[in-house]
Amino acid sequence: MSAPQGSSEQSSTIDALLQETRRFPPSAEFTANANVRDPSVYQRAKDDPEGFWAEAANRLDWFQRWEKVLEWDAPWAKWYVGGKLNASYNAVDRHVKTWRRNKAAIIWEGEPGDSRVLTYRDLYREVNTFAAVLKELGVSKGDRVAFYMPMIPELAIGLLACARIGAPHTVIFGGFSSEALRDRCNDSGAKLVVTADGGWRRGNVVPLKDTTDAAVAETPTVEHVLVVQRVGPSVREVTMQEGRDIWYHEMAAKVGRKIIEPEPLDSEHPLYIMYTSGTTGKPKGQLHTTGGYLVGASLTHEWIFDLKEDDIYWCTADIGWVTGHSYIVYGPFTNGASVVMYEGAPDFPDKDRFWDIVEKYGVTILYTAPTSIRTFMRWGEQYPAMHDLSTLRVMGTVGEPINPEAWMWYNEHIGHGRAPIVDTWWQTETGMILITPLPGIVATKPGSGTFPFPGIEADILDEAGNPVPVNTGGNLVIKRPWPAMSRTIWGDPERYKRTYWERYPGLYLTGDGARRDEDGYYWLLGRVDDVLNVSGHRIGTMEVESALVSHPAVAEAAVIGASDPLTGQAIVAFVTPRSGQSPNDALQADLREHVVKHIGALARPKKIYFTTELPKTRSAKIMRRLLRDIAEGRVLGDTTTLLDPNIVSQIKEQYESTEG
Ligand code: PRX
């Protein structure tokens, strides 16, 4: 890991952000009606964090009340020890017992313009049927189920059905390749894969079933593939392998209307595994469990988005990422919210699709990513201007630092200055938002995540473990456990311990750099490890490097993230071809596709530079920092420790000539 306070990248980010002095306090009207309007909540939670989290647990229905709020044997946490509950019961059944039974749970919009509304009562029926199908296929408590799906209601239904019977799910984002799907199925030991005959994206069908077929050819634990019919045979025929592949609708018709009682599960029963990139080539399966996760996801959802009974809430993420798990499925349904779900692209059929959806359903809360906002900015304000967005009252961002310019544009052209913006910082590992404004209390500053959520204690440390001075960058850490934290890395507890808990013993290392300003506001500065953030998608440099070196023409590769005005970071690769290979455009194109095949389109390198050698220290460590300096046009740092200092100037020349 590089030292954030010494890095030229971070200090230039800090310099730019120090010029940001605008403040946006909540309006008196907003505060008067806000769910959380008493600032003393921060102090109360600080004085008695366990008491705070104990009280928060009352928001759930427990089959058996827990005995102890937290058992902490660093880094191993158990929350709500002894409690028994079921996430599906909390997300569905308990609402059906109230007037909410006919409240819209899912308001779904397909990309071609078809739509479906499922009430909580409908959701209850569908989840039960799905759970019955899972049982029919031999899935039982503890078995893992993989999902490789488009954004259709059956994805949310399927997850809740798994939760109902205690089968942990693992969702693999539909943009990942068959190899990525295969590796995640194998790592989790999935028994079943749920997919669809396709999903709509920009007018085309994403061939999810074909990709699944390629993956499951090499997944010994997978017994069946359950296929949801989304597009139908007139659009796309899929091949069904006799005995292995089953149509969901056929099986659902067979099991009929069945009620599957929700399994009373231990508070620490695994709810799901979510894979995320780290600093090695192998993604880490973050394990989230039931009680603590559900408390964290639902409380943050209600407080941060100021959720009211009549809100229409839309999070534009894909359920294939943690954002979709916590803030499309588990948080919102546990809170009995009406959730908008959209299948497709923001520019289909035209660039106003999001605003059309906001207007069509009267969306009141919108949660999206800075990359999307920057894309909308580029498309122009005429698109949102075509629609009535006056229902919007709270807007969120997540996934990467938001630049103040994009924040201001969001505020002006989408929220029309009426809707507070919550810039929410968190991670796959944290399960819930940890740094964020509470919209009725906190005056926001464009680009700042403001303060840790009540009950969360954060700090920013230097290399020696001391808190850094005001406006100085350092490593962001979380100082005490929180309920939705990842419990371990699936199958590799040692790695969990090593990655997060050893750098500063007993403190959680986020891998992000941050600074605090003179008012105590947190400003996130991006990753300080070898993890990239491209359009809010997390990708490890090592994953891309391993993909590149698996190509027969490649001897060596180094990958870095270069700042990109649209995607935040862009993947730039420096590749040394094997002798006899000519570094030409055809090879470049081939390498790009090779990475896509190994990982998925989200990891396609934006630029590939060929070099005769890579800059290395005398101990043969690739100096990515120097490559980053070259790519960002910075003055080169110290090169005296390099094996061959001339290499850098050669690469620099080549970089600048092709940049031209
Ligand atoms: O670098 C931080 C960035 O995204 C990383 C987590 O990525 P992932 O696990 O894929 O989860 C994304 C959605 C929660 C973090 O380490 N990040 C996330 N939100 C923000 C952010 N950076 C700055 N500001 C944010 N609001």
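A nitrogen atom of the ligand lies 3.4 Å from a polar backbone atom of Pro401, and a nitrogen atom of the ligand is 2.7 Å from a polar backbone atom of Thr424. An oxygen atom of the ligand is 2.8 Å from an N or O atom in the side chain of Arg527. Each of these is a polar contact, that is, a pair of N or O atoms within 3.5 Å. The protein covers 96% of the 540 Å² of accessible area that the ligand has on its own, where accessible areas come from the Shrake-Rupley method with a 1.4 Å probe.

The model is predicted: local features need pLDDT of at least 70, side-chain atom pairs count only at pLDDT 80 or more, and totals for chains, interfaces and linings use all residues. Residues are numbered from 1 along each chain as its sequence is written, and side-chain values use heavy atoms, with hydrogens and water left out.

Which residues are the closest to the ligand? They are Asp423, Thr424, Thr428, Asp512 and Arg538, within a shell of 16 residues; a residue is near the ligand if one of its heavy atoms lies within 4 Å of it. The shell divides into five nonpolar, six polar and five charged residues. In this division, Ala, Val, Leu, Ile, Met, Phe, Trp, Tyr, Cys and Pro count as nonpolar, Asp, Glu, Lys and Arg as charged, and the others, Gly among them, as polar.

Strand β25 belongs to an open sheet of four strands in the order β21-β22-β24-β25, with antiparallel pairing. Strands are DSSP runs (E, at least two residues), numbered from the N terminus, and two strands pair if DSSP finds at least two bridges between them. Because β21 (458-461) and β25 stand at the edges with a single partner strand each, one side of each is left without a neighbour in the sheet.

Another hairpin is formed by β4 and β5, with five residues between the strands, and in it Gly113 takes a positive phi near 110°.

Conventions: Polar contact = N/O pair within 3.5 Å; in protein donor to acceptor, adjacent residues only side chain to side chain.
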